[in-house]
Amino acid sequence: MLGRQISGKPIDHAIMQMQFSEKRASSRIKSMLATAKLHASVYKKMDPLKLIVCECIPSASSAGHLACALC
């Protein structure tokens, strides 16, 4: 459910959505998105204003976790 909510959105908008979400997994997803944004800008030299959450799918390795990809 949360994955569909943020897929296709700019990363800053997705982080804000997770900040105001009352679901238990939202804090973990928000932290993951913030880390991904930092790594993309520092290590990959990507513009953080242009990052978009391409997709978020449930992780097969552990229940209740999402794997998200940035564009």
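Predicted model: local features only at pLDDT ≥ 70, side-chain atom pairs only at ≥ 80, totals over all residues.
Residues are numbered from 1 along each chain as its sequence is written, and side-chain values use heavy atoms, with hydrogens and water left out.

Ser21 lies in the loop between α2 and α3; helices (H or I, at least four residues) and strands (E, at least two) are DSSP runs, numbered from the N terminus. The side chain of Ser21 comes to 3.3 Å from the backbone nitrogen of Lys23. Beyond its neighbours within four places in sequence, Ser21 is in contact (heavy atoms within 4.5 Å) with Leu2 and Ser26.

Leu2 leads on to the core. Again leaving aside neighbours within four places in sequence, Leu2 is in contact with Met18, Ser21, Lys23, Ala25, Ser26, Ile29 and Leu66. Leu2 also belongs to the largest nonpolar core, which has 12 residues, Met18 and Ile29 among them. Such a core is a set of buried Ala, Val, Leu, Ile, Met, Phe, Trp, Tyr and Cys residues joined through side-chain atoms within 4.5 Å. At least two residues of this core come from each of α1 (2–6), α2 (11–20), α3 (26–42) and β1 (53–58). With four residues, α2 gives the most to this core. In soluble globular proteins, nonpolar side chains tend to be buried together.

Charged side chains provide another link. One salt bridge (a side-chain nitrogen of Lys or Arg within 4 Å of a carboxyl oxygen of Asp or Glu) is found in a search of the whole structure. Asp12 forms a salt bridge with Lys37, and their closest N and O atoms are 2.5 Å apart. This pair links distant parts of the chain, with Asp12 in helix α2 and Lys37 in helix α3, 25 residues apart. Asp12 is partly exposed, at a relative accessible area of 33%, and Lys37 counts as partly exposed at 23% relative accessibility. Side chains of opposite charge can pair when their charged atoms come close.

Strand β1 also holds Pro58, which counts as exposed because its relative accessibility is 65%. Pro58 and Arg28 are 30 residues apart in sequence and 13 Å apart in space, C-alpha to C-alpha.

Key:
Buried < 20%, exposed > 50% of the residue type's maximum accessible area, 1.4 Å probe, protein only. Polar contact = N/O pair within 3.5 Å; in protein donor to acceptor, adjacent residues only side chain to side chain.
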